[in-house]
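Welcome! Here is a friendly briefing to read alongside the sequence and the 3D view.

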Amino acid sequence: MGILIKTNGQALKITPKSGSKFTLEELQGYVGGYIERIELRGRFMLVNEEGKIFNLKPNTRATMLATQESAVWDIIRGDVVVLNYNEVD
């Protein structure tokens, strides 16, 4: 089960359609485009790699998480997905 962090601060539990692992297409659907991976402590965050180009809304909650658990010191834009390593192929 992953967590979708929306730009409004909501954190929603998400599960793969297959019941076991998320597909690339599913994950791209959640973030609204091509994905970029940000390593966190023991898990990772997927963001829209073109979030700044498309001027997506800032995601304050995801930015705070990325700042606390990674080397990212930038504003995360758009909805993001946080996953454990065993949730994708």
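**Confidence and ground rules**

Helices (H or I, at least four residues) and strands (E, at least two) are DSSP runs, numbered from the N terminus. This is a predicted model, in which local features need pLDDT of at least 70 and side-chain atom pairs count only at pLDDT 80 or more, while totals for chains, interfaces and linings use all residues. Residues are numbered from 1 along each chain as its sequence is written, and side-chain values use heavy atoms, with hydrogens and water left out.

- For the protein, the mean pLDDT is 94, and 100% of its residues reach 70 or more.
- Where pLDDT is low, predicted coordinates should not be read in detail.

**The sheet**

- Five strands make an open sheet with antiparallel pairing, in the order β2-β1-β5-β4-β3. Two strands count as paired if DSSP finds at least two bridges between them.
- At the edges are β2 (11-14) and β3, each of which pairs on one side only.
- From one strand to the next, the twist averages 25 degrees. Here axes are lines fitted to C-alpha atoms, for helices over the stretch in contact, and angles run from 0 to 180 degrees between N-to-C directions.
- Strand β1 (residues 2-5) is joined to β2 in the antiparallel sense by four bridges, and Gly2 stands opposite Ile14 in β2.
- β1 also pairs with β5, again antiparallel, over three bridges. Ile5 has Val80 as its bridge partner in β5.
- β4 and β5 run antiparallel and are joined by three bridges. The partner of Phe44 in β5 is Leu83.
- Which way do the side chains of β5 point? Val80 and Val82 point one way, Val81 and Leu83 the other way, and all are buried. Buried means under 20% relative accessible area, exposed over 50%, and partly exposed in between (1.4 Å probe, protein chains only).

**Salt bridges**

- How many salt bridges does the structure hold? There are four, where a salt bridge is a side-chain nitrogen of Lys or Arg within 4 Å of a carboxyl oxygen of Asp or Glu. Three of them are described below.
- Glu39 forms a salt bridge with Arg37, with the closest N and O atoms 2.7 Å apart. Glu39 is partly exposed at a relative accessible area of 38%, and Arg37 is partly exposed at 43%.
- Glu69 and Arg43 form another salt bridge, their closest N and O atoms being 2.9 Å apart. Glu69 lies in helix α2 (residues 60-69) and Arg43 in the loop between β3 (35-39) and β4 (44-48), so this pair ties together parts that are 26 residues apart in sequence. Glu69 is buried at 16% relative accessibility, whereas Arg43 is partly exposed at 23%.
- Asp74 forms a salt bridge with Lys52, the closest N and O atoms lying 2.3 Å apart. Because Asp74 is in the loop between α2 and β5 (80-83) and Lys52 in the loop between β4 and α2, the pair ties together parts that are 22 residues apart in sequence. Asp74 is partly exposed at 38% relative accessibility, and Lys52 is partly exposed at 48%.

**Aromatic rings**

- The count comes to two aromatic pairs. Rings of Phe, Tyr and Trp (its six-membered ring) pair if their centres lie within 6.5 Å; planes under 30 degrees apart count as stacked, over 60 as edge-to-face and the rest as tilted.
- Phe22 and Tyr30 form an edge-to-face pair, 6.5 Å centre to centre with 80 degrees between the planes. Phe22 is buried at a relative accessible area of 3%, whereas Tyr30 is partly exposed at 26%.
- Phe44 and Tyr85 form a tilted pair, 5.5 Å centre to centre with 40 degrees between the planes. Phe44 lies in strand β4 and Tyr85 in the segment after β5, so the pair ties together parts that are 41 residues apart in sequence. Phe44 is buried at 2% relative accessibility, and Tyr85 is partly exposed at 39%.
- Arg37 lies over the face of Phe44, at 4.0 Å from the ring centre. A charge sits over a ring if NZ of Lys or CZ of Arg is within 6 Å of the ring centre and within 35 degrees of the ring normal.

Notes. pLDDT is the predictor's confidence in each residue, from 0 to 100.
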